[in-house]
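The following note sets out, in numbered points, what may be said about the structure shown below. Please read each point with the structure in view.

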Amino acid sequence: MTLKILTIKKSAEFKNIKNCCKKFHSNSLILTESKTSSKYLFDNKSGKNLQNFCRVGFTVSKVVSKSSCERNLIKRRIREATKLIASEIAKNHHDYVIIAKKQIVEVDYKKIYNDLKFCFKRI
């Protein structure tokens, strides 16, 4: 089963998922999970229930890195690792928020990939 990965963009949704969810910490990131709200399960345009999707949001704050170039690089690495992992491991109709820690600046892509895979399996 291949999941479609949708992006979480609204600040209120990030806060809602962050406050009422399961969390798992690794060395370089934090993964939070919660069930998708029922208002996202129905597509008004087609009039059908949406199937096979999960929503993912990414957070890299200025505390992690002052440089916007470095923050964007970290987000790109996390996004790519998520594409590879979430389609296989993520649960259907769940929301995930990935929060970067300060240590993520010093690690390479392979370590980010392994940490994210570890968190997805544990949660």
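**Note on the predicted model**

1. Arginine 55 has its place in strand β6; strands here are DSSP runs of E with at least two residues, helices are runs of H or I with at least four residues, and both are numbered from the N terminus. The model is a predicted one, in which local features need pLDDT of at least 70 and side-chain atom pairs count only at pLDDT 80 or more, while totals for chains, interfaces and linings use all residues. Residues are numbered from 1 along each chain as its sequence is written, and side-chain values use heavy atoms, with hydrogens and water left out.

2. Is arginine 55 buried or exposed? Its relative accessibility is 6%, and arginine 55 therefore counts as buried (buried means under 20% relative accessible area, exposed over 50%, and partly exposed in between, with a 1.4 Å probe and protein chains only). Apart from its neighbours within four places in sequence, arginine 55 is in contact with Leu6, Ile8, Glu13, Ile17, Thr36, Tyr40, His94, Asp95 and Tyr96; contact means heavy atoms within 4.5 Å. As for Tyr40, its C-alpha atom is separated by 9.8 Å from that of arginine 55, at 15 residues along the chain.

3. Phenylalanine 58 also lies in strand β6. Phenylalanine 58 counts as buried because its relative accessibility is 18%. Not counting residues up to four places away in sequence, phenylalanine 58 touches Phe14, Ile78, Arg79, Thr82 and Ile98. From phenylalanine 58 to threonine 7 the C-alpha to C-alpha distance is 8.5 Å, although the two are 51 residues apart in sequence.

4. Which residues of helix α1 (residues 11-19) are buried? They are Glu13, Phe14 and Ile17. These residues cover an arc of only 100° around the axis, so they lie on the same side of α1; the arc is that of the directions from the helix axis to the C-beta atoms. In general, an α-helix has 3.6 residues a turn, so residues three or four places apart point the same way. Ala12, Lys15 and Asn19, on the other side of α1, are exposed. The cover over the buried residues of α1 includes β3 (29-35), β6 (53-59) and β7 (94-100).

5. The largest pocket holds about 160 Å³ of space. The elements that give two or more residues to its lining are α1 and β3, and α1 gives the most, with four residues. In all, 13 residues line this pocket, and Asn16, Ile17, Ser37, Arg55 and Asp95 lie nearest its centre. A pocket is an open set of points, on a 1 Å grid over the protein atoms alone, where a 1.4 Å probe fits, with protein on both sides within 12 Å along at least five of seven lines; lining residues have an atom within 4 Å of a point. The volume is the space filled by probe spheres set on the points, which are joined across faces, edges and corners.

6. Serine 65 is found in the loop between β6 and α2. With a relative accessible area of 4%, serine 65 is buried. Leaving out residues up to four places away in sequence, serine 65 touches Glu70, Arg71 and Val105. Serine 65 and tyrosine 96 are 22 Å apart in space, C-alpha to C-alpha, and 31 residues apart in sequence.

7. In the loop between α2 (68-89) and β7 is histidine 93. Histidine 93 is not a glycine, yet it has a positive phi of about 60°.

8. Arginine 122 lies in helix α3 (residues 109-122). Arginine 122 counts as exposed because its relative accessibility is 56%.

9. On confidence, the mean pLDDT of the chain is 87, and 92% of its residues reach 70 or more; pLDDT is the predictor's confidence in each residue, from 0 to 100. Among the elements of the chain, α3 has the highest mean pLDDT (93) and strand β5 (residues 48-49) the lowest (60).
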